[in-house]
Amino acid sequence: MENIDNIDDKINQDDKDSLIEDLYNELSQEFLTNIEILAKLIQLTEKYYDGSHSRFVAEKSVMIAEQLGIRDESITEIRIAGLLHDIGKIGFSDALLFKTSQEMNPNEYQIYTMHPEIANNILSANQHYREIRRIIYQHHERLDGSGFPQHLTEEKIHRGAKIIGVVDVYNNFIYKRKSIASRMNNPIQATSTSSILETTKSKFNSVMNYLYKKRGILFDTKVVDTLIEIETMERKQLGERTVLRLPVNRLTPGMVIADDYFNSLGILIAARGDTLTEDTIRALIRFAENDELPMKILVIA
Ligand SMILES: [Fe+2]
Ligand SMILES: [Fe+2]
């Protein structure tokens, strides 16, 4: 009798475990879907960038985190925080979004510095976001306390925020553009990657000098060194590849998109710099079949 009870208990426990697991999977799927929706909304604040600022910050921050030996859950948090770090800018006017922080007047700058606080507020409704929220809240803090909003120093700053802060500065320096018109009417005419690299070369050199000079003062030294290593290597490899205009059904994983592509509503559907995967290729083929994307697109092969 006791044995049968035990078996019943075991079955019940197994059922419970699998129910909990199903529920957990459902919840994490829903969580990730929510992130996707938020990330798409944030792209509305990225009209003045080449490519997607938040996707770049997320991907590059993960690469740095992995090289620094950060693992698993923390990597996922850094990826999501990278995607959502500027969520607090939703609702900012175009007049504010297109300026760099140096170009803003005192009033505009004050509004701008509220975006980590606004993000903290938006994300506070969901417990899942606790660690992610901390990273986002701190992404403008600097080692010497000159950042905002809390003027945190050194070890008080979350390591994820230190990484995102550096990649954020790097991307702003190189990929922020003055107007949406120049972005939409200025496709790459290049037939080789050297001309693409040439156009960003002086910006690349000056941001690298700036980050190097400020390492240990504003920015974490190891993070800066790792970013410099990764970017220098990527640019070198890119210089050895060529730009091709290929039909979407001939794309292969590993190729890199060489221009920004928008759908009829002006929403970015493929961003310059994105590396293709099997999933993204499938999505691009669907977009092309629905006339949302040209049948041939520019890629670095
Ligand atoms: Fe920011
Ligand atoms: Fe940013």
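The following questions and answers concern a predicted model of one protein chain.

In this predicted model, local features need pLDDT of at least 70 and side-chain atom pairs count only at pLDDT 80 or more, while totals for chains, interfaces and linings use all residues. Residues are numbered from 1 along each chain as its sequence is written, and chains are lettered from A and ligands numbered from 1 in the order in which they are written.

Visitor: How many helices and strands does the protein chain have?
Guide: Helices (H or I, at least four residues) and strands (E, at least two) are DSSP runs, numbered from the N terminus. Counted that way, the protein chain has twelve helices and five strands.

Visitor: What percentage of the 301 residues counts as buried?
Guide: A residue is buried if 20 or more other C-beta atoms lie within 10 Å of its own, exposed if 12 or fewer, and partly exposed in between, with C-beta atoms placed from the backbone. Of the 301 residues, the buried share is 31%.

Visitor: Which residues of H8 make the contact with H3?
Guide: Two residues are in contact if their C-beta atoms, placed from the backbone, lie within 7 Å. From H3 the contact involves Ser74, Glu77, Ile78, Ala81 and Gly82. From H8 the residues are Gly160, Ile163 and Ile164.

Visitor: Which residue is joined to Phe148 by a cis peptide bond?
Guide: The omega of this bond is about 5°.

Visitor: Is His151 buried or exposed?
Guide: His151 is also in the loop between H7 and H8, and its phi is near 55°, a positive value in a residue other than glycine. Within 10 Å there are 12 other C-beta atoms, so His151 is exposed.

Visitor: What is the phi of Asp291?
Guide: Asp291 sits in the loop between H12 and strand E5 (296-300). With 10 C-beta neighbours inside 10 Å, Asp291 counts as exposed. Although Asp291 is not a glycine, its phi is positive, at about 60°.
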